[in-house]
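This report covers selected local features of one protein model. The sequence and structure come first, and the notes follow.

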Amino acid sequence: MPHDHDHKPDHDHPGHGHDHDHGHGHGHGHGHDHHHHGPGGHSHAPKDFGKAFAIGAALNISFVAAETVAGLMTHSLALLADAGHNLSDVLGLFMAWGAVVLAKKAPGGRHTYGLRKGTILASLTNAVVLLVAIGAIAWEAVRRFADPQPIEAGPVMIVAGIGIVINTATALMFMRGSKDDLNIRGAFLHMAADAAISAGVVLAAAAMWFTGWLWLDPVVSLGIVVVIVLGTWGLLRDSLDLALDAAPRGIDPKIVGEWLAARPGVTEVHDLHIWAMSTTETAMTAHLVRPVNPDNDQFLHDICGEMSKRFAIGHVTIQVESGGVATCHLAGADAV
């Protein structure tokens with residue numbers, strides 16, 4: 001589900017769930033919603049971008065090889081550096097692809113959620129790799145200020161122009177999923193960054209060809225670095241948040257808690273936790289204090305459906321407590 005913008009209620013597609021109220025003499029119950037929902041504000045399984053990954057990886061591996069040969073033939077450090085950056089992005093594509101494949105693995109053994117969390121780890125790794133790669137470009141740009149190097153502008157512009165086409169085409173294949181899935185967003189940013197770098201190489205080579213100003217190459221490179229850092233910082237921040245089990249962006253735990261507290265008969269809400277199971281699925285657990293009531297099954301079913309519809313939380317577990325003599329040891333505001 002989208003983690004970078006607010007989830008809005010969706011009244012056209014009612015949420016679904018199957019709930020269980022286990023009355024063990026203490027008025028406890030658990031509601032579970034394990035359904036995956038399609039687009040439209042619901043939690044859903046990772047999208048299948050296998051074809052996009054395959055095409056993108058094949059195109060970029062071929063381009064890396066061509067760019068390396070061209071860089072050696074034209075003595076262009078810019079092309080060689082860009083080839084190295086493109087290679088890191090190919091590795092990033094494979095990481096993101098592998099995470100999507102792992103996320104489809106059924107739960108089993110000690111991995112009771114399956115391997116969905118791999119999508120979060122892949123998006124985090126992609127952000128770090130991208131920042132390291134552009135750090136190397138920035139270092140090279142600074143070094144070139146002290147030692148400007150002439151380049152064969154014509155061949156460099158042709159090769160970099162091809163890079164713009166390939167990377168833009170690859171980025172477009174991931175664009176439709178970049179808002180809904182942080183892992184796909186990482187792949188999209190990698191390819192978009194490559195297209196921007198190739199465009200910078202073309203512009204710098206053209207300007208140097210006409211003016212002879214060798215310092216334009218490092219200036220343009222540093223400008224590209226700044227743009228990519230600004231774009232990647234959000235990916236790194238969101239990935240770290242999800243890796244640390246923060247509630248996904250667009251889901252406010254306070255609002256969720258207030259909504260639960262307003263349900264019929266609920267006198268207290270505690271031990272509320274909301275976290276990302278993957279870059280597309282969200283889970284929640286909570287304890288509700290509510291007198292023993294024969295409608296608990298329907299009550300839990302309704303809550304699970306509304307959680308999916310209102311907040312895009314697809315995996316919900318609710319424990320109902322009767323509020324008798326015994327006090328839940330997780331009732332404190334600071335209890336975890």
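Asp245 is partly exposed, having a relative accessible area of 41%; buried means under 20% relative accessible area, exposed over 50%, and partly exposed in between, with a 1.4 Å probe and protein chains only. Asp245 lies in the loop between helix H6 (216-243) and H7. Although Asp245 is not a glycine, its phi is positive, at about 60 degrees. Helices (H or I, at least four residues) and strands (E, at least two) are DSSP runs numbered from the N terminus.

Ala312 is found in the loop between H8 and strand E5 (315-321). Ala312 is likewise a residue other than glycine with a positive phi, near 60 degrees. Ala312 is buried, with a relative accessible area of 0%.

## Basis of the values

This is a predicted model, in which local features need pLDDT of at least 70 and side-chain atom pairs count only at pLDDT 80 or more, while totals for chains, interfaces and linings use all residues. Residues are numbered from 1 along each chain as its sequence is written, and side-chain values use heavy atoms, with hydrogens and water left out.

## Helix H7 and its cover

Helix H7 spans residues 253-261, and its buried residues are Val256, Gly257, Trp259 and Leu260. Seen down the axis of H7, these residues fall within an arc of 160 degrees, so they line one face of the helix; the arc is that of the directions from the helix axis to the C-beta atoms. Their cover includes strand E3 (268-276), strand E4 (282-289) and helix H8 (296-311). At the start of H7, the backbone nitrogen of Lys254 has a side-chain oxygen of Asp252 within 2.9 Å.

Val269 is in strand E3 and is partly exposed, with a relative accessible area of 25%. Leaving aside residues up to four places away in sequence, Val269 touches Gly257, Leu260, Ala261, His287 and Leu288, where contact means heavy atoms within 4.5 Å. Val269 and Arg290 are 21 residues apart in sequence, and their C-alpha atoms are 9.4 Å apart.

## Packing of H3 and H5

The axes of helix H3 (residues 118-146) and helix H5 (residues 182-211) come within 8 Å and cross at roughly 20 degrees. That makes H3 roughly parallel to H5, a term for angles under 35 degrees. Axes are lines fitted to C-alpha atoms, for helices over the stretch in contact, and angles run from 0 to 180 degrees between N-to-C directions.

Residues of H3 that meet H5 include Thr119, Ala122, Asn126 and Ile137. Among the H5 residues they meet as a group are Leu182, Gly186, His190 and Ile197.

Methods: Polar contact = N/O pair within 3.5 Å; in protein donor to acceptor, adjacent residues only side chain to side chain. Parallel < 35°, antiparallel > 145°, perpendicular 65-115°, else oblique.
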